[in-house]
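Please look over the structure below before reading on. The text then walks through it part by part.

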Amino acid sequence: MIRVALPYHLQVLARCDREVTIQIDGPVTQRGILDALEARYPMLRGTVREHVSLKRRPRVRFFAAGEDVSHESPDAELPKSIATGAEPFRIVGAVAGG
Amino acid sequence: MTAIRLLVGTRKGAFILTSNGQRTDWSIDGPFFAGWEIYHVNGSPVEPDRIYASQSSSWFGQIIQRSDDGGKTWMQPGSDATEPAVSPDGLPQGESNKFVYDTSEETGKPLSTHQWYDGTQHPWEFARVWHLEPSLDDPDTCYAGVEDAALFKTTDGARTWHEIAALRGHETGPDWAPGAGGMCLHTVVLDPENKDRIYCAISAAGTFRTDDGGKSWKAINRGLHSEQIPDPTAEVGHCVHRIAIHPSRPDTLYMQKHWDVMRSDDGGDTWREVSGNLPSDFGFPIAVHAYDPETIYVVPILSDSLHYPPDGKLRVYRSRSGGETWEALTNGLPQENCYVNVLRDAMAVDKADPCGIYFGTTGGQVYGSSDSGDTWAPIVRDLPAVLSVEAQTLS
C-alpha cells in the first residue's frame with residue numbers, strides 16, 4: 001500500500017484526509033502514483049499535473065524520503081520507503097511569497 | 001416576494017449574499033472554495049439555481065464548480081464520455097476543468113501563436129477561466145472566456161468544454177498581445193434576440209462578433225481610438241475592459257475601454273465616444289439599468305497608472321441619456337480617503353423595481369443601491385478583494 005500526502009487545497013477537492021492510500025502493481029514511480037491517485041480521485045485530474053501533457057504543474061513539488069524528486073523522471077523508481085509504505089510520497093504546493 | 005441573490009467572486013473564495021425584495025437586510029454565506037481565486041460566479045437565466053463558478057489557483061490550476069441548488073452544495077461535474085459519470089465511490093469524475101485548445105486539422109488552428117510581450121510569437125497557453133456566461137435558454141449550455149484568449153462552450157452542464165476555435169483563428173490572432181493582466185477573453189455577451197450573435201471582448205485585442213454561432217468572427221473596433229498602440233485606430237490591439245447591452249435593444253452596446261466610454265447603435269460595427277463630462281473616462285465596469293436602455297453606470301478610476309478613484313472619492317456615475325451627460329452618485333459612498341478599484345466584472349444590476357445596482361471593490365466592500373443608484377449602503381465591508389459580482393432576481 002502506497003501512502004500519499006496531499007496539500008490542504010487538494011484534500012478539500014478530493015474530500016479526503018491529509019494522507020490517502022493507493023495500490024500500484026509494478027514499479028513504484030511518480031507516474032504510477034499519480035495515475036492511481038487520479039483514478040481514485042478523478043477530481044484531482046489537472047491539478048497536480050497538466051491535462052494532456054501530464055507535466056507536473058510548475059508550483060507543485062514532489063518529496064520522497066527527504067528529497068525533492070520533482071525534477072526526476074516520472075518513470076524513475078521511487079525509494080523503497082515509499083514503495084513499502086514506510087513513509088508517504090508527499091505532494092506539496094511550492095512555497096511562494098514573503 | 002422577490003428575492004435578490006448576489007454571487008460574489010473574490011481573491012480568496014466565493015460568497016453568496018441574499019436579501020428579500022426590500023434589499024435592506026442581507027445574509028452572507030461563504031466563503032465557498034476558501035483560499036482559491038474565484039474570478040466569476042454566474043447563474044443560468046432560465047434556471048437560477050444552476051450556478052457555475054470559476055475556481056483557480058496558481059498552484060493547482062483551474063476548477064469548474066457547479067451548483068444545482070442555488071449555491072447550497074457544489075460539485076465538479078464532468079467525465080469523459082467513455083467513462084462512467086461517477087467513480088466507484090459515487091464521486092463525480094473530473095474532466096470539467098479540461099480546457100484544451102482545438103488544434104485539430106478539421107476545426108482547430110494548429111500551431112497558432114500570438115504576440116508576446118517582447119514582440120515574438122508565443123503559443124497559446126491556458127491559464128484560467130475569467131468569465132462564465134450561461135446560455136439564455138439552456139441551463140446545460142455555458143460559455144467560458146479564458147486566458148490565453150479563447151472562447152469555450154459546454155453543452156452538458158460543464159462536464160466537458162470545447163473551444164470555439166474560429167475566434168482564436170481570426171486572421172488578426174497572431175497580432176493579439178497580452179495586457180498587464182494577461183491576454184484574457186473577459187467579456188461574453190449573448191444577443192437575446194439572435195442566438196447566433198455573440199460578442200466577445202479581449203484584452204488587449206478588442207471586440208469581436210459572430211453572427212453564425214461562432215463559425216466566423218468579425219473584429220468590431222471601428223471608432224475606437226487608443227493612444228497606447230502604434231496605430232491608435234488599428235483594427236485590433238485595443239484594451240477593451242467591458243461591454244454591456246440592454247435586452248430590449250440588443251443593437252446598442254456600451255463599452256468601457258482602457259480609456260474612453262463608447263457607444264454603438266449598430267451592433268458594434270461603429271463606435272462613438274460618450275465620455276462627456278466624466279471626471280476620468282478610465283475605468284473597468286459598465287452596466288445598463290434593468291428597465292431603461294439609456295441609463296448606464298460606470299465607476300471612473302483616475303488613470304491606468306493610478307488605479308483608484310479621483311480625489312479619493314468613490315463615485316458611481318450615471319447617465320440617463322446613454323452617455324455624454326453624467327451625474328455623480330455619492331450618497332452612502334465614501335467621499336474621502338478611498339483608494340479602492342472596481343474591476344470589470346464587479347458591477348451588476350437586478351431586475352427588481354426599482355432597479356437595484358451593486359458593485360464590489362478591491363478593498364472587499366460590496367455596496368448596493370435599491371433605488372437605481374440614488375442612495376447606497378454597504379452590504380458587507382471586509383471580504384477579500386472582490387473580482388466579480390452578479391445579481392440574480394428570484395421570484
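Residues are numbered from 1 along each chain as its sequence is written, while chains are lettered from A and ligands numbered from 1 in the order in which they are written.

Start with confidence. The predictor gives the complex an ipTM of 0.94 and a pTM of 0.95. Chain B has an average pLDDT of 93, where pLDDT is the predictor's confidence in each residue, from 0 to 100. In chain B, 94% of the residues score at least 70. Where pLDDT is low, the predicted coordinates should not be read in detail.

Now take the two chains together. On chain A, 16 residues are in contact with 18 residues of chain B. Contact means that the C-beta atoms of two residues, placed from the backbone, lie within 7 Å. Helix H1 (residues 8-14) of chain A supplies the largest share of the side of chain A that touches chain B, with 3 residues. Helices (H or I, at least four residues) and strands (E, at least two) are DSSP runs, numbered from the N terminus. By class, this side of chain A has 8 nonpolar, 5 polar and 3 charged residues. Here Ala, Val, Leu, Ile, Met, Phe, Trp, Tyr, Cys and Pro count as nonpolar, Asp, Glu, Lys and Arg as charged, and the others, Gly among them, as polar.

Stay in chain A for strand E1 (residues 2-5). Its covered face holds Ile2(A) and Val4(A). Its uncovered face holds Arg3(A) and Ala5(A). E1(A) runs antiparallel to strand E2 (residues 19-22) of chain A, joined by 4 bridges. Two strands pair if DSSP finds at least two bridges between them. Arg3(A) has Thr21(A) as its bridge partner in E2(A). With strand E5 (residues 89-93) of chain A, E1(A) pairs in the parallel sense over 2 bridges. There, Val4(A) stands opposite Phe89(A).

Move to chain B. Strands E17 (residues 240-246) and E18 (residues 249-257) of chain B pair in the antiparallel sense over 6 bridges. A hairpin links E17(B) to E18(B) through 2 residues. Val240(B) has Lys257(B) as its bridge partner. E18(B) also pairs with strand E19 (residues 261-264) of chain B, antiparallel, over 4 bridges. Tyr254(B) stands opposite Arg263(B) in E19(B). This hairpin has 3 residues between its strands, and Asp260(B) in the turn has a positive phi of about 90 degrees.

Further along chain B, an open sheet of 4 strands has the order E25-E26-E27-E28, with antiparallel pairing. Why is one side of E25 (347-349) and of E28 (377-380) left without a neighbour in the sheet? Both strands stand at the edges, each with a single partner strand, so one side of each has no neighbour there. Strand E27 (residues 366-369) of chain B pairs with E28(B) over 3 bridges. Gly368(B) has Ala377(B) as its bridge partner in E28(B).

Finish with the core. The largest nonpolar core has 129 residues, and among those that touch the most other members are Ala287(B), Met347(B) and Val366(B). Such a core is a set of buried Ala, Val, Leu, Ile, Met, Phe, Trp, Tyr and Cys residues joined through C-beta atoms within 7 Å. A residue is buried if 20 or more other C-beta atoms lie within 10 Å of its own, exposed if 12 or fewer, and partly exposed in between. Strand E14 (residues 198-203) of chain B gives the most to this core, 5 residues.

Note on methods. Predicted model: local features only at pLDDT ≥ 70, side-chain atom pairs only at ≥ 80, totals over all residues.
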